[in-house]
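Dear colleague,

I am handing over the structure that we spoke about, and I would be glad if you kept it open while you read. Below it I have set out what was found, one part at a time.

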Amino acid sequence: MNDYEVVIGLEVHVQVKANSKMFTRVKTGFGHPENTLTDPVVLALPGVLPVMNHAALDAIIKSGLLLSCDIAPYCKWDRKNYFYPDSPKNYQITQYDKPICLRGNVEIELPGSARNVMGEHKLIPLTRIHLEEDVGKLNHAAFDSLIDYNRAGTPLMEIVTDPAMQSADEAFAFLTALKTVMVYGGISDCDMEKGQMRCDANISIRPKGQEQLGTKVELKNLNSISYVRDGISHEILRQLSLLKSGGKIVQETRDYDGQTGTSQSLRTKEDAHDYRYFPDPDLMPVKVDDAWKARLKAECPEMPFDKQRRFMKEYDIPYTITSVLIPDKSLSDYFEATAKLCGQAHAAGNWIANDLLREIGKSGEPIDQCKIKPNHLAALIKLITAGTISTTAAREVFSEMASTGELPEKIVERKGLTASASSDDLETWCKDSIASDPKALAEFKAGKDSAINAFKGPVMKAAKGKANPKLVDETLRRLLAL
Amino acid sequence: MSEPLHYKSVAELSSELSSKKISSVELTQAVIARTKAVDAKVRAFNSFDEADALAQAKASDERRSSAKTLGVLDGIPIGFKDVISVKGQPLTASSNMLKNFVSPYDATVTQKLKGVGAISWGRLNLDEFAMGSSTENSAFGQTHNPWDLERVPGGSSGGSAAALAAGEAPATLGSDTGGSIRQPAALCGVVGLKPTYGLISRYGLIAFASSLDQIGPFTRTVEDSAILLNAIAGHDPMDSTSFKTEIPDYRAELKKRKGPWKLGIPKEYFGEGLDPEVAKAVEDAVSYYKSKGCEIKEISLPHTKYAVGVYYIIATAECSSNLARYDGVRYGHRSKDANDILDLYFKSRAEGFGAEVKRRIILGTYVLSSGYQDAYYVRAQKVRTLIRRDFLEAYKDVDAVITPTSPTPAFKAGEKAANPLAMYLCDVYTIGVNLAGLPGLSIPCGYSKSGLPIGLQLIGKPYGESELLSIAHSYEQEHTWGTRHPNIEAQKGAL
């Protein structure tokens, strides 16, 4: 392995989240009954014509802007001619020699040395991004093949990287980062299970120091981000062992089966198609002027890694918390709103990364459906800091908010959770507690400060949670110092 | 002398309908009766739906009686070339591939015509997928020229031209990719207009060559042509190549524009291969314009000589891709004895397409192939630009260009069928107009000694249909060629 170097390039297809298909008004969707998301244009009936979906073009230009691509001055469409039953016209409308986005890059983060250590960041250069239409799906039965055209015509971006990645981990990090950017930009949900993101990998190896690329093998059907990593690792090992045993790498396309972790050859270079690309005469080129780009630029969100760096600097929260918040744009926005409202970023980060995520995990609903809004959580944090309620009471308030959506003050009032025990009572409970635990007392006297906590539990219990924890601590220390 | 209903112009029929001299049902019945009487000989129709037409006519009469009539075309039957979709009607392109296909949607032109109350009447024969110049390439049998049943009506819209000439419809629609409206109009003695590329929506027109195809009307008079154009022109959001431009009232404009005009005669169009009788008729028309004070200028369109070659590269390239959808998978002919998907493609297409269609698909596939594309397709596109530039250059000096429509009157069926190249040359005068995207119109300008119609082609500026129609209208006002009718009854039916 040490004598060789791996070179990986990815071709990633990303379905654009759009209301209608790329060249007709019929809706896009997943999981609908077969062939219900079709119309004469999708089915390529005689006489129909394509009309471009401007919103999809917006989405790809926005992607290009997010990924620092050069945006072409106009959008031109070509036909890629090939016969296959999932392609109703037997040509695909795509962009051949003039992709709408050129160059650009994706920032990735490699795994760190430990979970709480930030890994190395790298820029993976892109070759191009273009827009095209998706194809239908074939379902093979014993004697028949059935076609579902629901997916056919869905706007699809193809993102092509330079052959610039050197390991399966880099490819994994690339897809993770790309997905985050796409979700941030509202361009796609990139759910690989629903086919919203699909990836082919070109893999070659060469002796270290050699400039010329080795013979590449294209790996297809990498159906999840983990399969991408596993498939690439598998292919690297296959090529290495082939070379070591004196074999030769053949330029081919291989099908990776994630279930079994094996691959098999689909076709070799000799079977390559001549796609007879030519400009689609049914579609006029569309000019993309500066005003158009400026409008989309204004819609571009802050990039995920920029946001992470800012959170760490501006709010001084640890990497581990940011790495929980950042991948989910709405969660990170939630954090920032809460932190601003309560002025306590650490507490906000902890509450969100632990309690809120657990709550959301229970309901399975997205965060914007959660009844606890940033102002709720901020108010709760303030109540704790002010000593109005104990942490124990706060947890109760939290779960109450999650089901009712009430403001914490109201819940505290309704349930009488205020830390309102009188100082006389407190004094008595504290004395009792100290008296009942001579072991802890001895430890404390011997200099173990944390032994004080042993007295707090019984006090809180006696106060039924209504004691102000700050006050309990003060009272105990005063009494212990006597 | 009053014409029978089936030979009256749309304008006349419209005024008789509005004065309630006739009803739409009577008119439609007359058209049906005429069709039944002569179509066994002419064979212009692939199919017609009598009950559907009469139901539409009845609805039109009801609108009229409740003063809700939709305009000049309300109640007028119009025939459709069998490449234009009409919901619920067959759409065959005269191909076995689509022999049993029924369209589930209306073309934009169909919707527009229905919107103004016109009656969709019958499916008219053509060369399969509009590929040909004689309507002999139809999978359902050739159409005969009403003036001489042994001769071709021209093509590819031969059914549309022959039906009109034979009185089987007051007006028809065709499509023109290289002359497919103008040449059959010339050969059948009617008016045929190919509008500027982009003036009329192509949505619902079965594509032959997308960058050249354009729908247009066949009519008895230039005024009728203006009436139909009024109904079908205009931008369509369903067709990205349809042009956003203001649509004038073409009929009203006819009377406003009087000339005199500056007319260009391209010297390249009067050379070898031009029949002397055709040349004479066109020269007479030029003399007429001259006598009316028009300035006649000789012009040059030097790249004309490449037009046929360029056309057969671009049109075939586009058709090879456009016709790929006919694969036997979703609709259309599917071979019964296919073993796998490749076999299904091969056999369905081998059985479904005729020889000329196959020839053009193969040619188009070749010119787009890697290694050949630059030499053929890319180069042809460059020459196409030069051809358009020739015309635009000429229009700095002239308002319109006059040429013959077809080098000869109607030829005999079978005469050119075995020689594709000779057939391709039928369109030598009309093809440049499609390549340049210009409007072109053919009007009757005389008859050969043997009584065959001769057509005059007028070529206008981009989106200059108003002026073009006016120039033709002024000629028509003082000539009666278009009022003659063929004597079908006296002829024996040809095979």
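Which domains does the domain assignment of chain A give? Before the answer, please keep in mind that this is a predicted model. The assignment gives domain 1, covering 4–295, domain 2, covering 302–415, and domain 3, covering 423–481. If you take the C-alpha centres of domain 1 of chain A and domain 3 of chain A, you will find that they lie 64 Å apart.

Strands of chain A

One of the paired positions is Tyr256(A), whose bridge partner in β15(A) is Ser263(A). β14(A) and β15(A) form a hairpin with 4 residues between them, and in the turn Gly261(A) has a positive phi of about 70°.

Strand β4 of chain A (residues 78–81) is joined to β16(A) by 2 bridges, and the two run antiparallel; here the bridge partner of Asp78(A) in β16(A) is Pro279(A).

Two helices of chain A

The crossing of α10(A) past α11(A) is right-handed. On the side of α10(A), the contact is made by Val397(A), Glu400(A) and Met401(A), while α11(A) brings Pro408(A), Ile411(A) and Val412(A) to it. Sorted by class, the contact of α10(A) with α11(A) has 5 nonpolar residues, no polar ones and 1 charged residue.

The sheet of chain B

In chain B, 11 strands form an open sheet with mixed pairing, and their order is β1-β3-β2-β4-β6-β5-β10-β11-β9-β7-β8. β1 (45–47) and β8 (295–299) of chain B have a single partner strand each, so one side of each is left without a neighbour in the sheet. From one strand to the next, the twist averages 35°. Within this chain, strand β9 (residues 400–404) of chain B pairs with strand β11 (residues 453–459) of chain B in the antiparallel sense over 4 bridges, and Thr403(B) stands opposite Gln457(B) in β11(B). Helix α5 (residues 158–165) of chain B lies across several strands, including β1, β2 (77–81) and β3 (119–124) of chain B, and runs at about 155° to β4(B).

Where the chains touch

How many residues does each chain bring to the contact? Chain B brings 34 residues and chain A brings 23 residues. On the side of chain B that touches chain A, α10 (307–322), α11 (341–352) and α12 (355–368) of chain B each supply at least two residues, and α10(B) gives the most, with 3 residues. The residues of that side of chain B divide into 18 nonpolar, 10 polar and 6 charged.

With best wishes

Technical notes
Residues are numbered from 1 along each chain as its sequence is written. Chains are lettered from A and ligands numbered from 1 in the order in which they are written. This is a predicted model: local features need pLDDT of at least 70, side-chain atom pairs count only at pLDDT 80 or more; totals for chains, interfaces and linings use all residues. Domain bounds come from an automatic or database domain assignment. A crossing is left-handed if the near helix is turned anticlockwise from the far one by less than a right angle, and right-handed if clockwise. Two residues are in contact if their C-beta atoms, placed from the backbone, lie within 7 Å. Ala, Val, Leu, Ile, Met, Phe, Trp, Tyr, Cys and Pro count as nonpolar, Asp, Glu, Lys and Arg as charged, and the others, Gly among them, as polar. Two strands pair if DSSP finds at least two bridges between them. Axes are lines fitted to C-alpha atoms, for helices over the stretch in contact, and angles run from 0 to 180 degrees between N-to-C directions.
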